[in-house]
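Please look over the sequence and the structure shown here before reading the report.

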Amino acid sequence: QFKNYTFDAIAKKALQPFGLSLKWKNPPPAAARPFKHVQIYHGETVFELLERLARSRGIFVGDTPDGNLVAGELDKSAAPVAELEEGRNILSARVVINDDAVRSRSTGYAQAPGSDSLWGKDASQIKAEAENPTIKRYRPQIIVSEEPLSKRELQDRVDREQAEQIGTSVRCTVVVQGWLQPGGGGKLWEPGEVVTVKAPALFPNPSGSQSLAI
């Protein structure tokens, strides 16, 4: 059990026996908020625990090239680290655009322990919503929180769900020469970095290109 631990403190304690660490990359403001009480489920792996907690803080969890974990959110203002262009440095590529999991509106429900300052419906009927304006059809989603959450935490949980749906609806696989980023810096590709893929055969838009996160 963890009481009043931040996500970073929980991750460090949980990963320590494995000799692993957590690296932050553009952490959201909610990452600094502590969890009042965290219960570990029987049979739950460390990654399952961290991914479950990350949802209520708007955090995405992945891994680094050396096998440690990286956490944060996508920096939408980040400059692309590379440009991959059809006919120049793309050996082969394919894209899958699938909106099966994308919803027009996500509505979350949660409960929180009652106290002198929180009781009644404010504790038992907590609700938060997030909309995707790009989906015109009526495709609602109901999310039941995995654990007790405040209204602010539930809103982070619902917003993260929408961001994941939108972000994973376009998946592009590109084969390039070698393991490293172009430019001679000797740098591996890292999750969360932005790459411009210029491929008119894949993206039928005026520019023929798309900025995507690794």
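## Basis of the description

The model is predicted, so local features need pLDDT of at least 70 and side-chain atom pairs count only at pLDDT 80 or more, while totals for chains, interfaces and linings use all residues. Residues are numbered from 1 along each chain as its sequence is written, and side-chain values use heavy atoms, with hydrogens and water left out.

## The three-stranded sheet

An open sheet is formed by 3 strands in the order β7-β6-β8, with mixed pairing; strands (E, at least two residues) and helices (H or I, at least four residues) are DSSP runs numbered from the N terminus, and two strands pair if DSSP finds at least two bridges between them. Because β7 (126–131) and β8 (140–144) each have a single partner strand, they stand at the edges, and one side of each is left without a neighbour in the sheet. From one strand to the next, the twist averages 20 degrees.

Strand β6 (residues 105–110) pairs with β8 in the parallel sense over 5 bridges, and within this pairing T107 has I142 of β8 as its bridge partner, while Y109 stands opposite V144 in β8. By contrast, β6 and β7 run antiparallel and are joined by 6 bridges, with A110 standing opposite I126 in β7. Helix α4 packs on the sheet, where it touches β6, β7 and β8, and its direction makes about 30 degrees with that of β7; contact here means heavy atoms within 4.5 Å.

## Helix contacts

Helix α1 (residues 7–15) and helix α2 (residues 46–55) have axes that come within 10 Å and cross at roughly 175 degrees, where axes are lines fitted to C-alpha atoms, for helices over the stretch in contact, and angles run from 0 to 180 degrees between N-to-C directions. That crossing makes α1 roughly antiparallel to α2, a term for angles over 145 degrees, while 65 to 115 degrees counts as roughly perpendicular. On the α1 side F7, I10, A11, A14 and L15 take part, and they meet V46, L49, L50, L53 and A54 in α2. The contact of α1 with α2 has 10 nonpolar, no polar and no charged residues; Ala, Val, Leu, Ile, Met, Phe, Trp, Tyr, Cys and Pro count as nonpolar, Asp, Glu, Lys and Arg as charged, and the others, Gly among them, as polar.

The axes of α2 and α4 come within 8 Å and cross at roughly 105 degrees, and the two helices are therefore roughly perpendicular to each other. E51, A54 and R55 of α2 make this contact with D156, R157 and R160 of α4, a set that divides into 1 nonpolar, no polar and 5 charged residues.

## Pocket and cavity

The second largest pocket holds about 580 Å³ of space. Among its 24 lining residues, K36, P113, P148, S150 and E153 are the closest to its centre. Helix α4 (residues 151–167) gives the most to this lining, with 3 residues, and the lining as a whole has 10 nonpolar, 5 polar and 9 charged residues. On a 1 Å grid over the protein atoms alone, a pocket is an open set of points with protein on both sides within 12 Å along at least five of seven lines, a cavity is a set where a 1.4 Å probe fits but cannot get out, and lining residues have an atom within 4 Å of a point. Grid points are joined across faces, edges and corners, and a volume is the space filled by probe spheres set on the points.

The structure holds 1 cavity of 30 Å³ or more, and the largest cavity has a volume of about 40 Å³. K23, K25, D63, T64, P65, V70, E190 and P191 line the largest cavity, and these residues divide into 3 nonpolar, 1 polar and 4 charged.

Notes. Parallel < 35°, antiparallel > 145°, perpendicular 65-115°, else oblique.
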